[in-house]
Amino acid sequence: MPSRRALIRRPSPRVADGLVTHVERRTVDPRVALAQWRAYGEALRAHGWETVEAEPADDCPDGVFIEDTVVMFRNVALIARSGAETRRRETAGVEEAVARLGCSVNWVWEPGTLDGGDVLKIGDTVYVGRGGRTNAAGVRQLRAAFEPLGARVVAVPVSRVLHLKSAVTALPDGTVIGYEPLVEQPSLFPRFLPVPEEAGAHVVLLGGARLLMAASAPKTAELFTDLGYEPVLVDIGEFEKLEGCVTCLSVRLRDLHT
Ligand SMILES: NC(=O)NCCC[C@H](N)C(=O)O
(Lines give C-alpha, C1' and ligand atoms only; values in the text may rest on other atoms or scores of the structure.)
Protein backbone atom coordinates (compact mmCIF):
# COMPACT_ATOMS: atom_id res chain seq x y z
CA MET A 1 0.00 0.00 0.00
CA PRO A 2 1.30 3.51 -0.74
CA SER A 3 2.26 5.27 2.45
CA ARG A 4 0.33 8.09 4.10
CA ARG A 5 3.12 9.18 6.36
CA ALA A 6 4.22 12.69 7.08
CA LEU A 7 7.51 13.63 8.59
CA ILE A 8 7.36 16.44 11.14
CA ARG A 9 9.74 17.98 13.68
CA ARG A 10 8.78 19.75 16.87
CA PRO A 11 9.76 23.42 17.15
CA SER A 12 12.98 24.22 18.95
CA PRO A 13 12.72 26.22 22.21
CA ARG A 14 14.76 28.75 20.18
CA VAL A 15 12.14 29.02 17.43
CA ALA A 16 11.78 32.78 18.06
CA ASP A 17 15.32 33.22 16.65
CA GLY A 18 14.34 31.75 13.27
CA LEU A 19 15.49 33.59 10.15
CA VAL A 20 13.47 36.34 8.52
CA THR A 21 14.37 37.68 5.10
CA HIS A 22 11.40 39.34 3.38
CA VAL A 23 9.38 40.38 6.44
CA GLU A 24 10.02 42.46 9.52
CA ARG A 25 10.87 40.53 12.67
CA ARG A 26 7.99 40.10 15.09
CA THR A 27 8.05 38.42 18.49
CA VAL A 28 7.31 34.71 18.39
CA ASP A 29 5.99 32.94 21.50
CA PRO A 30 7.59 29.46 21.66
CA ARG A 31 4.69 28.08 23.72
CA VAL A 32 2.09 29.25 21.22
CA ALA A 33 4.27 27.91 18.41
CA LEU A 34 4.37 24.50 20.08
CA ALA A 35 0.59 24.48 20.55
CA GLN A 36 0.08 25.44 16.88
CA TRP A 37 2.51 22.74 15.78
CA ARG A 38 0.61 20.15 17.85
CA ALA A 39 -2.68 21.21 16.28
CA TYR A 40 -1.10 20.99 12.81
CA GLY A 41 -0.02 17.39 13.53
CA GLU A 42 -3.52 16.62 14.84
CA ALA A 43 -5.04 17.93 11.61
CA LEU A 44 -2.80 15.62 9.56
CA ARG A 45 -3.68 12.63 11.74
CA ALA A 46 -7.39 13.44 11.70
CA HIS A 47 -7.25 13.16 7.91
CA GLY A 48 -5.55 9.81 7.73
CA TRP A 49 -1.86 10.67 7.89
CA GLU A 50 0.49 8.92 10.24
CA THR A 51 2.95 11.49 11.56
CA VAL A 52 6.56 10.44 12.07
CA GLU A 53 8.70 12.74 14.19
CA ALA A 54 12.27 13.37 13.18
CA GLU A 55 14.72 13.72 16.05
CA PRO A 56 14.24 17.20 17.57
CA ALA A 57 16.91 19.73 16.60
CA ASP A 58 16.68 22.03 19.59
CA ASP A 59 19.78 24.02 18.59
CA CYS A 60 18.25 24.87 15.22
CA PRO A 61 15.68 27.68 15.48
CA ASP A 62 14.24 26.86 12.03
CA GLY A 63 14.24 23.08 12.45
CA VAL A 64 10.43 22.93 12.57
CA PHE A 65 10.37 23.91 8.87
CA ILE A 66 11.28 20.35 7.97
CA GLU A 67 10.14 20.61 4.35
CA ASP A 68 13.31 22.53 3.56
CA THR A 69 15.65 19.69 4.55
CA VAL A 70 14.59 16.97 2.12
CA VAL A 71 12.86 16.50 -1.23
CA MET A 72 11.13 13.25 -2.04
CA PHE A 73 10.61 11.78 -5.50
CA ARG A 74 9.24 8.23 -5.51
CA ASN A 75 11.32 6.39 -2.88
CA VAL A 76 14.33 8.67 -3.22
CA ALA A 77 15.04 11.30 -0.57
CA LEU A 78 17.32 14.08 -1.72
CA ILE A 79 18.85 15.65 1.37
CA ALA A 80 18.97 19.39 0.80
CA ARG A 81 21.82 21.81 1.46
CA SER A 82 20.26 25.08 2.52
CA GLY A 83 21.21 28.37 0.96
CA ALA A 84 21.10 29.62 4.57
CA GLU A 85 24.31 28.29 6.07
CA THR A 86 22.86 28.32 9.61
CA ARG A 87 20.18 25.82 8.57
CA ARG A 88 22.53 23.12 7.30
CA ARG A 89 22.76 21.33 10.67
CA GLU A 90 19.07 20.47 10.44
CA THR A 91 19.54 17.64 7.96
CA ALA A 92 21.23 14.99 10.15
CA GLY A 93 18.13 13.81 12.01
CA VAL A 94 16.03 13.96 8.86
CA GLU A 95 18.49 11.83 6.93
CA GLU A 96 18.29 9.24 9.67
CA ALA A 97 14.47 9.34 9.69
CA VAL A 98 14.03 8.86 5.93
CA ALA A 99 16.64 6.09 5.84
CA ARG A 100 14.80 4.32 8.66
CA LEU A 101 11.57 4.61 6.66
CA GLY A 102 13.20 2.77 3.76
CA CYS A 103 14.01 5.64 1.38
CA SER A 104 17.07 5.63 -0.83
CA VAL A 105 19.11 8.64 0.19
CA ASN A 106 20.90 11.08 -2.08
CA TRP A 107 22.51 14.44 -1.26
CA VAL A 108 22.95 17.94 -2.62
CA TRP A 109 26.69 18.67 -2.48
CA GLU A 110 28.76 21.83 -2.37
CA PRO A 111 28.65 24.13 -4.34
CA GLY A 112 24.97 23.27 -4.73
CA THR A 113 22.38 24.82 -2.45
CA LEU A 114 18.73 23.88 -2.37
CA ASP A 115 15.85 24.32 0.10
CA GLY A 116 12.94 21.90 -0.12
CA GLY A 117 10.57 24.88 -0.03
CA ASP A 118 11.76 25.65 -3.55
CA VAL A 119 10.47 22.37 -4.95
CA LEU A 120 6.88 21.91 -6.08
CA LYS A 121 5.90 18.51 -7.49
CA ILE A 122 2.86 18.14 -9.70
CA GLY A 123 2.68 14.58 -10.94
CA ASP A 124 6.04 13.89 -12.58
CA THR A 125 6.77 17.57 -13.13
CA VAL A 126 9.11 19.03 -10.56
CA TYR A 127 9.21 22.83 -10.49
CA VAL A 128 12.27 24.22 -8.76
CA GLY A 129 12.66 27.83 -7.71
CA ARG A 130 16.04 29.39 -8.45
CA GLY A 131 16.25 32.11 -5.84
CA GLY A 132 17.83 33.18 -2.57
CA ARG A 133 18.12 29.65 -1.20
CA THR A 134 18.56 27.47 -4.29
CA ASN A 135 21.38 28.08 -6.74
CA ALA A 136 22.04 26.85 -10.28
CA ALA A 137 24.25 24.00 -9.06
CA GLY A 138 21.42 22.92 -6.75
CA VAL A 139 19.01 22.91 -9.70
CA ARG A 140 21.47 20.81 -11.75
CA GLN A 141 21.87 18.33 -8.91
CA LEU A 142 18.09 18.04 -8.52
CA ARG A 143 17.84 17.24 -12.25
CA ALA A 144 20.61 14.67 -11.98
CA ALA A 145 18.92 13.00 -9.01
CA PHE A 146 15.33 12.87 -10.27
CA GLU A 147 15.31 12.96 -14.08
CA PRO A 148 16.58 9.37 -14.35
CA LEU A 149 13.54 8.40 -12.24
CA GLY A 150 11.16 9.98 -14.74
CA ALA A 151 10.86 13.53 -13.39
CA ARG A 152 10.65 16.54 -15.69
CA VAL A 153 12.42 19.35 -13.87
CA VAL A 154 11.32 22.91 -14.68
CA ALA A 155 13.36 25.78 -13.20
CA VAL A 156 11.48 28.95 -12.21
CA PRO A 157 13.03 32.28 -11.17
CA VAL A 158 12.09 33.37 -7.62
CA SER A 159 13.04 36.77 -6.18
CA ARG A 160 9.97 38.27 -4.50
CA VAL A 161 9.57 35.64 -1.78
CA LEU A 162 11.66 33.23 0.26
CA HIS A 163 10.86 30.06 -1.67
CA LEU A 164 8.98 28.98 -4.78
CA LYS A 165 6.29 27.48 -2.53
CA SER A 166 5.94 30.78 -0.66
CA ALA A 167 4.50 32.00 -3.97
CA VAL A 168 2.72 28.99 -5.49
CA THR A 169 1.43 25.51 -4.71
CA ALA A 170 -1.09 23.35 -6.56
CA LEU A 171 -4.62 22.04 -6.21
CA PRO A 172 -5.33 18.30 -6.55
CA ASP A 173 -6.11 18.72 -10.28
CA GLY A 174 -2.68 20.28 -10.86
CA THR A 175 -3.90 23.89 -11.17
CA VAL A 176 -1.17 26.12 -9.79
CA ILE A 177 -2.42 28.71 -7.31
CA GLY A 178 -0.64 31.88 -6.30
CA TYR A 179 -1.03 35.41 -5.03
CA GLU A 180 -0.26 37.24 -8.25
CA PRO A 181 1.84 40.16 -6.96
CA LEU A 182 4.36 37.60 -5.67
CA VAL A 183 4.50 35.31 -8.70
CA GLU A 184 7.09 36.31 -11.25
CA GLN A 185 5.92 34.39 -14.30
CA PRO A 186 2.51 32.74 -13.92
CA SER A 187 2.69 31.86 -17.63
CA LEU A 188 5.32 29.21 -16.81
CA PHE A 189 2.51 27.08 -15.42
CA PRO A 190 0.01 25.36 -17.73
CA ARG A 191 -2.99 26.38 -15.55
CA PHE A 192 -2.75 29.24 -13.06
CA LEU A 193 -5.46 30.44 -10.67
CA PRO A 194 -4.85 33.70 -8.77
CA VAL A 195 -5.96 33.72 -5.12
CA PRO A 196 -6.91 36.82 -3.11
CA GLU A 197 -4.48 36.41 -0.19
CA GLU A 198 -0.78 35.71 0.13
CA ALA A 199 -1.34 32.89 2.64
CA GLY A 200 -4.01 31.47 0.33
CA ALA A 201 -1.27 30.39 -2.07
CA HIS A 202 -0.26 27.51 0.20
CA VAL A 203 -2.13 24.23 0.38
CA VAL A 204 -1.19 20.77 1.55
CA LEU A 205 -3.19 18.08 -0.22
CA LEU A 206 -4.69 15.84 2.44
CA GLY A 207 -6.38 13.46 0.00
CA GLY A 208 -9.60 13.69 -1.98
CA ALA A 209 -10.93 17.25 -1.98
CA ARG A 210 -9.39 18.21 1.36
CA LEU A 211 -6.88 21.04 1.47
CA LEU A 212 -4.92 21.95 4.57
CA MET A 213 -4.46 25.69 4.64
CA ALA A 214 -3.76 28.62 6.94
CA ALA A 215 -6.61 30.19 8.87
CA SER A 216 -5.19 33.55 7.78
CA ALA A 217 -6.60 33.09 4.27
CA PRO A 218 -10.39 33.00 4.78
CA LYS A 219 -11.29 34.53 1.40
CA THR A 220 -9.21 31.96 -0.43
CA ALA A 221 -10.81 29.20 1.65
CA GLU A 222 -14.19 30.49 0.49
CA LEU A 223 -13.01 30.48 -3.13
CA PHE A 224 -11.83 26.87 -2.80
CA THR A 225 -15.08 25.80 -1.11
CA ASP A 226 -16.95 27.35 -4.01
CA LEU A 227 -14.82 25.27 -6.40
CA GLY A 228 -15.85 22.07 -4.60
CA TYR A 229 -12.86 21.64 -2.30
CA GLU A 230 -12.91 21.15 1.46
CA PRO A 231 -10.49 23.50 3.23
CA VAL A 232 -9.18 22.36 6.62
CA LEU A 233 -7.94 25.47 8.40
CA VAL A 234 -5.10 25.59 10.90
CA ASP A 235 -3.72 28.58 12.80
CA ILE A 236 0.02 28.77 12.09
CA GLY A 237 0.38 32.46 12.97
CA GLU A 238 3.63 32.05 14.94
CA PHE A 239 5.28 30.29 11.98
CA GLU A 240 3.96 32.85 9.51
CA LYS A 241 5.91 35.49 11.46
CA LEU A 242 9.03 33.55 10.40
CA GLU A 243 7.97 33.24 6.75
CA GLY A 244 6.70 29.72 7.24
CA CYS A 245 3.52 28.33 5.74
CA VAL A 246 1.48 25.12 5.91
CA THR A 247 3.65 23.22 3.46
CA CYS A 248 6.92 23.76 5.29
CA LEU A 249 5.86 22.06 8.54
CA SER A 250 5.79 18.53 7.05
CA VAL A 251 7.15 16.30 4.34
CA ARG A 252 4.59 13.88 3.02
CA LEU A 253 5.95 10.50 1.98
CA ARG A 254 3.36 9.50 -0.56
CA ASP A 255 5.15 7.04 -2.77
CA LEU A 256 6.81 4.78 -0.23
CA HIS A 257 5.31 1.33 -0.24
CA THR A 258 4.98 -0.30 3.14
N1 LIG B 1 9.45 26.00 3.06
C2 LIG B 1 9.26 27.10 3.77
O3 LIG B 1 8.40 27.90 3.48
N4 LIG B 1 10.08 27.32 4.79
C5 LIG B 1 10.01 28.42 5.65
C6 LIG B 1 11.34 28.67 6.29
C7 LIG B 1 11.31 29.84 7.19
C8 LIG B 1 12.63 30.09 7.92
N9 LIG B 1 12.45 31.13 8.87
C10 LIG B 1 13.73 30.45 6.97
O11 LIG B 1 13.92 31.63 6.70
O12 LIG B 1 14.42 29.57 6.47
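This is a predicted model: local features need pLDDT of at least 70, side-chain atom pairs count only at pLDDT 80 or more; totals for chains, interfaces and linings use all residues.
The second largest cavity holds about 50 Å³ of space.

In the whole structure, a search finds 3 cavities of 30 Å³ or more. The largest cavity has about 70 Å³ of space. Its lining has 13 residues. Val 156, Pro 157, Leu 164, Val 183 and Glu 184 are the ones nearest its centre. Strand 8 (152-157) supplies at least two residues of this lining, and helix 4 (164-167) does too. Here the classes read 11 nonpolar, 1 polar and 1 charged.

The largest pocket contains about 600 Å³ of space. Around it stand 28 lining residues. Nearest the centre of the largest pocket lie Leu 120, Lys 121, Lys 165, Arg 252 and Arg 254. Several strands give two or more residues to this lining: strand 3 (70-73), strand 6 (119-122), strand 9 (168-170), strand 12 (204-207) and strand 15 (251-253). The lining of the largest pocket comprises 14 nonpolar, 6 polar and 8 charged residues.

The second largest pocket has a volume of about 470 Å³. It is lined by 30 residues. Ser 166, Glu 198, Glu 240, Glu 243 and Gly 244 lie nearest the centre of this pocket. Its lining includes 13 charged residues, with 10 nonpolar and 7 polar.

Which pocket holds the ligand? The ligand sits in the second largest pocket. There are 15 residues around the ligand. Of these, Leu 19, Glu 67, Arg 87, Arg 133 and Leu 242 come nearest. By class, the shell around the ligand has 6 nonpolar, 3 polar and 6 charged residues.

Start with Arg 133. An N or O atom in the side chain of Arg 133 is 2.8 Å from an oxygen atom of the ligand. Next comes Leu 242, which uses its backbone. A backbone N or O atom of Leu 242 lies 2.8 Å from a nitrogen atom of the ligand. Then look at His 163. A polar side-chain atom of His 163 lies 3.4 Å from a nitrogen atom of the ligand. How much of the ligand's area does the protein bury? Taken alone, the ligand exposes 350 Å², and the protein buries 100% of that.

Arg 74 has a phi near 50°. That is a positive value in a residue other than glycine. Strand 3 is among the elements that line the largest pocket.

The other detail is a peptide bond. Glu 110 and Pro 111 are joined by a cis peptide bond, with omega about 10°. Strand 6, like strand 3, gives two or more residues to the lining of the largest pocket.

Conventions: Residues are numbered from 1 along each chain as its sequence is written. Side-chain values use heavy atoms; hydrogens and water are left out. A residue is near a molecule or strand if one of its heavy atoms lies within 4 Å of it. A polar contact is a pair of N or O atoms within 3.5 Å; within protein, one must be able to donate a hydrogen and the other to accept it, and residues adjacent in sequence count only if both atoms are side-chain atoms. Accessible areas come from the Shrake-Rupley method with a 1.4 Å probe; for residues, only the protein chains shown count as cover. On a 1 Å grid over the protein atoms alone, a cavity is a set of points where a 1.4 Å probe fits but cannot get out, and a pocket is an open set with protein on both sides within 12 Å along at least five of seven lines; lining residues have an atom within 4 Å of a point. A molecule sits in a cavity or pocket if more than half of its atoms lie within 2 Å of its grid points. Ala, Val, Leu, Ile, Met, Phe, Trp, Tyr, Cys and Pro count as nonpolar, Asp, Glu, Lys and Arg as charged, and the others, Gly among them, as polar. Grid points are joined across faces, edges and corners, and a volume is the space filled by probe spheres set on the points. Helices (H or I, at least four residues) and strands (E, at least two) are DSSP runs, numbered from the N terminus.
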